[in-house]
Amino acid sequence: MQQPTTILRGNNLSEFSGGRTRLIDQSDGDTALFEGRISWSHLRDGLMLQCTDCTELENVVTECYLEPHLVLVVLLEGSNQLHYDKQRVDFHAPPSLAGQPQGLAVVGTEPMVFRGFSKKGRRVRRVAINIGAQWFDSAGLDSKMLDELLHISATPLAAHQWTPSVRLQATVAQLLNPPDYTPILQRFYLESRVLDVAVEALASFTPSQGSSSLKPHEHRRMQQLLALLDSGDADEWSLEQIARSVGVNMCSLQKHFRHLTGTTVFDYQRNRRLAVARRALEREGATVSQAAWLAGYSSAANFATAFKRRFGITPKQVVGRI
C-alpha cells in the first residue's frame with residue numbers, strides 16, 4: 001500500500017501510482033503538482049482505492065487507464081472535470097465543506113480511459129474506487145447481473161451522479177484518514193468502507209420500488225430549507241420554528257427532509273457546523289476551543305469525539321498538519 005505524500009512531482013507520478021496514472025501535458029517533470037495526502041491502494045485483485053486530500057499546484061491533465069466494471073468517485077471538497085472515453089462530466093462540492101458533496105458512478109463493459117483536469121490553487125478531497133471484473137469473479141458474483149441491474153446491456157458505458165448520504169460522507173472521511181492499524185487490519189478496514197460506498201452508489205442507480213419521489217412543491221420547500229440551514233441562520237431554532245418557516249408541519253418536515261438527504265434536520269445542522277469548524281482549523285488558524293464553539297459544543301472533549309466520528313481524524317491532528 002502506497003503511503004501519503006507531501007509533495008508529488010511530475011516525474012514520479014507514474015511510479016507512485018503503480019503505473020496507473022500518467023501526466024499528459026507537463027513538460028517539466030520536476031514541477032511540483034500536488035501538495036498534501038495522496039495514496040493508491042491495491043486492496044485485492046480488481047479492487048483499487050485512490051484517496052486525495054491535497055492542493056493542486058499546477059494546471060495539468062492526468063490520464064488513468066481502468067479496467068471494467070465499476071468506477072466510483074466521491075467528492076467531498078473541490079471540483080472535478082473528468083473525461084472518460086469521449087464523455088465529459090463536471091461535478092462540484094461546496095468549498096466550505098458544509099453543503100452536499102457529490103458522487104459519480106461509471107459502469108462499463110469495456111476498459112475506460114479517465115482524464116482529470118487539475119486547477120492551480122484548488123483544494124480537493126475525494127476518493128476514487130475501481131471495482132473490476134476480477135473482484136466480482138473472486139467474490140463469486142456474476143458481473144452480467146450487474147450489467148442487467150444497471151441497464152447497460154445495450155451500451156458499453158453508463159454514468160450516474162448522486163448525492164452521498166451524511167452517513168456515507170463520514171465513511172469517505174474515514175477512508176481519507178484511516179486509523180493507524182497494522183497493514184492487515186487496515187486493509188480490512190479500507191475494504192469494508194469501500195464496499196459501503198459501492199452499496200450506496202449502486203442503490204442510487206436503482207431506487208427501491210416502494211420509494212416515492214417528492215412532489216414539486218415539496219421539493220421546492222426542501223430546497224428552501226437546505227438554503228436556510230446552510231446559511232446558519234437557523235442554528236439556534238427549534239424544529240417547530242424551522243418547520244413553520246418553510247410552511248410544513250414537523251412530521252412532514254422530517255419525512256421529506258430525510259427522503260431528500262438521507263438524514264435528519266438535526267444531524268444535517270450538526271454536520272454542517274462540524275464542517276465549518278474544520279474549515280476554521282484548516283484555513284483560519286482557529287484553536288480547538290474556538291472550533292468547538294463554532295460547532296456549538298461547550299465541551300472540547302465532546303467536540304473532539306463528534307469531529308473524529310465525522311471526519312476520521314481529531315481536531316488536534318488537523319491543527320498538527322497545518
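## Basis of the description

The model is predicted: local features need pLDDT of at least 70, side-chain atom pairs count only at pLDDT 80 or more, and totals for chains, interfaces and linings use all residues. Residues are numbered from 1 along each chain as its sequence is written, and side-chain values use heavy atoms, with hydrogens and water left out.

Helices (DSSP runs of H or I, at least four residues) and strands (runs of E, at least two) are numbered from the N terminus. Helix α6 (residues 216-231) packs against helix α9 (residues 265-283) at an angle of about 40°, their axes lying 10 Å apart. Axes are lines fitted to C-alpha atoms, for helices over the stretch in contact, and angles run from 0 to 180 degrees between N-to-C directions. α6 is therefore oblique to α9; angles under 35 degrees count as roughly parallel, over 145 as roughly antiparallel, 65 to 115 as roughly perpendicular and the rest as oblique. In contact (heavy atoms within 4.5 Å), L225, L226, L229 and D230 of α6 meet V265, Y268, Q269 and R272 of α9. By class, this contact has five nonpolar, one polar and two charged residues. Ala, Val, Leu, Ile, Met, Phe, Trp, Tyr, Cys and Pro count as nonpolar, Asp, Glu, Lys and Arg as charged, and the others, Gly among them, as polar.

The axes of α6 and helix α7 (residues 239-246) come within 9 Å and cross at roughly 130°, so the two helices are oblique to each other. Here R221, L225, L228 and L229 of α6 meet I242, S245 and V246 of α7, a contact with five nonpolar, one polar and one charged residues.

## Packing of α4 with α11

Helix α4 (residues 166-176) and helix α11 (residues 300-311) have axes that come within 6 Å and cross at roughly 90°; they are therefore roughly perpendicular. V166, Q169, A170, A173 and Q174 in α4 meet R309, R310 and F311 in α11. Four nonpolar, two polar and two charged residues form this contact.

## The largest pocket

The largest pocket holds about 740 Å³ of space. Of its 41 lining residues, T21, W40, Q50, C64 and L66 are the closest to its centre. A pocket is an open set of points on a 1 Å grid over the protein atoms alone, where a 1.4 Å probe fits, with protein on both sides within 12 Å along at least five of seven lines; lining residues have an atom within 4 Å of a point.

Strand β4 (47-56) gives the largest share of the lining, seven residues. By class, the lining has 20 nonpolar, 13 polar and eight charged residues.

Terms used:
Points joined across faces, edges and corners; volume = space filled by probe spheres on them.
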